[in-house]
Amino acid sequence: MEFKIEIIVNKPIETVWDVLGHQFGDAYKWASGINHSKAFSAPAINGAPSNNRACELPSGKIKEVIRKFDSNNHILQYEVVEGFPFFVDTAINTWQLTKISSDKTKVDMHLIIRTKGLVGSIMNPMMKMQLNKQLVYIPNDLKHFIETGNPSENKANELKKLAKKVA
């Protein structure tokens, strides 16, 4: 299954890259569906902020590994390597930024998830439906966070719910 989303952020490319790339471990601050995230281990790719990120999702924990970090071309690619169900073979997300003007940046997100086995075939439609609902928020969360400095309304609501659970 494949998902492609494109948005325009009204900020310079370096501002967007700083949040998306250099603050890789802090996605929980802006991305819906991530309760907490933290980068860890020394970078395996020159220029990357780290090698891995651990994310706490409402459904459990996942671990992601940076596969590509290209500051010159503003490309970030990471793969979920732990925490997905056994029937998910691979999940690779690629973000690419393109400068439109001095204060506009095109953001492309391209997620590819491959399932395996009979269970994967059966679960594929349900996963696609669920991910379609969730993924619609993430690029817009990024846009809102970068343009305003605050979480989107959807992310802010998640943070409120999370705070109530902790209290």
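This dialogue goes through several features of a predicted model.

Q: How is the packing of helix α1 and helix α3 described, and at what angle do they pack?
A: The packing is given by an angle and by the distance of the axes. Helix α1 covers residues 13–22 and helix α3 covers residues 138–148; they pack at an angle of about 120°, with their axes 10 Å apart. Angles of 65 to 115 degrees count as roughly perpendicular and those over 145 as roughly antiparallel. α1 and α3 are therefore oblique to each other.

Q: What is the hand of the crossing where α1 passes α3?
A: The crossing is right-handed. On the α1 side, the contact is made by Thr 15, Val 16, Val 19 and Leu 20, and on the α3 side by Leu 142, Phe 145 and Ile 146.

Q: How do the residues of the contact of α1 with α3 divide into nonpolar, polar and charged?
A: There are 6 nonpolar residues and 1 polar residue in this contact, and no charged ones.

Q: Which residues of α1 are buried?
A: A residue counts as buried when its relative accessible area is under 20%. In α1 the buried residues are Ile 13, Val 16, Trp 17, Val 19, Leu 20 and Gly 21.

Q: What do the buried residues of α1 pack against?
A: Their partners are the strands β1, β4, β5, β6 and β7 (104–115), together with helix α3.

Q: How is a pair of aromatic rings described?
A: The description uses the distance of the centres and the angle of the planes. In the whole structure, a search finds 4 aromatic pairs. One of these is formed by Phe 24 and Tyr 78, which are edge-to-face, at 5.6 Å centre to centre and with 65° between the planes.

Q: Where in the chain do Phe 24 and Tyr 78 lie?
A: Phe 24 lies in the loop between α1 and β2 (36–40), and Tyr 78 is in strand β5 (residues 75–82), so the pair ties together parts that are 54 residues apart in sequence. Phe 24 is buried, at a relative accessible area of 1%. Tyr 78 also counts as buried, with 9% relative accessibility.

Q: What is the geometry of the aromatic pair of Trp 30 and Trp 95?
A: Trp 30 and Trp 95 are edge-to-face, with 6.3 Å centre to centre and 85° between the planes. This pair links distant parts of the chain, 65 residues apart: Trp 30 is in the loop between α1 and β2, and Trp 95 is in strand β6 (residues 88–101). Trp 30 counts as buried at 6% relative accessibility, and Trp 95 is buried with a relative accessible area of 1%.

Q: Is His 74 buried or exposed, and where is its place?
A: His 74 is buried, with a relative accessible area of 9%. The loop that holds His 74 runs between β4 (60–70) and β5.

Q: Where is Ser 41 found?
A: Ser 41 sits in the loop between β2 and β3 (52–57). Its relative accessible area is 38%, so Ser 41 is partly exposed.

Q: Which residues does Gly 25 touch, not counting residues up to four places away in sequence?
A: With those neighbours left out, Gly 25 touches Ser 37, Lys 38, Ala 39 and Arg 53. Gly 25 lies in the loop between α1 and β2 and is buried, with a relative accessible area of 8%.

Q: With which residues is Glu 6 in contact, leaving aside its neighbours within four places in sequence?
A: Glu 6, found in strand β1 (residues 2–9), is in contact with Lys 106, Val 107 and Asp 108. From C-alpha to C-alpha, Glu 6 and Trp 30 are 17 Å apart in space, and they are 24 residues apart in sequence.

Q: How is Thr 115 placed in strand β7?
A: Thr 115 lies in β7 and counts as partly exposed at 24% relative accessibility. Not counting residues up to four places away in sequence, Thr 115 touches several residues, among them Met 1, Phe 87, Val 88, Asn 124 and Met 127.

Conventions. Residues numbered from 1 in each chain as written. Predicted model: local features only at pLDDT ≥ 70, side-chain atom pairs only at ≥ 80, totals over all residues. Heavy atoms only, no water. Axes fitted to C-alpha atoms, helices over the stretch in contact; angles between N-to-C directions. Helix = DSSP H or I, 4+ residues; strand = E, 2+ residues; numbered from the N terminus. Parallel < 35°, antiparallel > 145°, perpendicular 65-115°, else oblique. Left-handed = near helix turned anticlockwise from the far one by under 90°. Contact = heavy atoms within 4.5 Å. Nonpolar A, V, L, I, M, F, W, Y, C, P; charged D, E, K, R; others polar. Phe/Tyr/Trp six-rings, centres within 6.5 Å; stacked < 30°, edge-to-face > 60°. Buried < 20%, exposed > 50% of the residue type's maximum accessible area, 1.4 Å probe, protein only.
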